[in-house]
Amino acid sequence: MSELNTSDLAAGERLFERPWHFLKSVPALEFLPPADRVEVAVAGRSNVGKSSLFNALVRQNGLARTSNTPGRTQELNYFAAENVPLYLVDMPGYGFAKAPKEKVSAWTELVADYLKGRATLARVFLLIDSRHGLKPIDAQIMEMLDIAAVSYQAVLTKADKIKPHTLTDIIEATAQALKVHPAAFPNVVATSSEKGAGIPELRAAIATILAERG
Ligand code: GDP
């Protein structure tokens, strides 16, 4: 995120000073809202800290529900703010232990269709637990992103849970692993929803995408 400057950071703060609200849940592509705004989506395996990161971004605890909440979880959840030409999309988590086959194929179909068919989708933030790094479970979505040629960026979560030098190593290892993925962004962002680390940078990245694509 080295390309970010203070005006990007300020734009990020302005974007998330306003109230964001839940717009709708999308269980299949026919329910998508009109493609009239730029979209930024957040993806990751269940329990990676996606809801916490979402809530930290928008400064509203409870806006995004955790993956453990029944319902809503196998759907694309859309969030919007007044007078902002941007949708934030919380993608369904993956990698549930003991997930039934039908659930896995429903996830695969929805996500593949969405990634391939949504021209306004500007970037996916792929969340990775700092303690674990990229896992085989993340390979499927990375492949889908590469095939759909949707730009994506790795975001490490729960950075407060590991020592700074270990975090540096995992950032480096993640960046290295992403090099062979054509659609992946080279910069890896480390965040902590708990402590707020990396959240201003993420807001700034989203504001920059909006400025460039909006
Ligand atoms: P989701 O399933 O990906 O939506 O994950 P959640 O946001 O529900 O988080 C899963 C668990 O990780 C919860 O117990 C959170 O409190 C915890 N968690 C999430 N983010 C952080 C973080 O930045 N730091 C720490 N220490 N714990 C976190």
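1. Leu 115 is a handy place to start: setting aside neighbours within four places in sequence, Leu 115 touches Met 91, Leu 121, Val 124, Met 144, Leu 145, Ala 148 and Val 150 (contact means heavy atoms within 4.5 Å). Keep in mind that this is a predicted model, where local features need pLDDT of at least 70 and side-chain atom pairs count only at pLDDT 80 or more, while totals for chains, interfaces and linings use all residues. Numbering runs from 1 along each chain as its sequence is written, and side-chain values use heavy atoms, without hydrogens or water.

2. On to the cores. The largest nonpolar core has 39 residues, and Leu 115 is among those with the most contacts inside it, as are Met 91 and Val 124. A core here is a set of buried Ala, Val, Leu, Ile, Met, Phe, Trp, Tyr and Cys residues joined through side-chain atoms within 4.5 Å; buried is under 20% relative accessible area with a 1.4 Å probe, protein chains only. Helix H3 (101-117) gives the most to this core, with 6 residues. A second, separate core of 31 residues includes Leu 57, Ala 81, Ala 205 and Leu 210.

3. Now the sheet. It's open, with 7 strands in the order E1-E3-E4-E2-E5-E6-E7 and mixed pairing (helices, H or I, of at least four residues and strands, E, of at least two are DSSP runs numbered from the N terminus; two strands pair if DSSP finds at least two bridges between them). Strands E1 (20-26) and E7 (189-190) are the edges, each pairing on one side only.

4. Last, helix H6. The buried residues of H6 include Arg 203, Ala 205 and Leu 210, and the buried set packs against H1 (6-15) and E5 (121-129), among others.

How values were computed:
Buried < 20%, exposed > 50% of the residue type's maximum accessible area, 1.4 Å probe, protein only.
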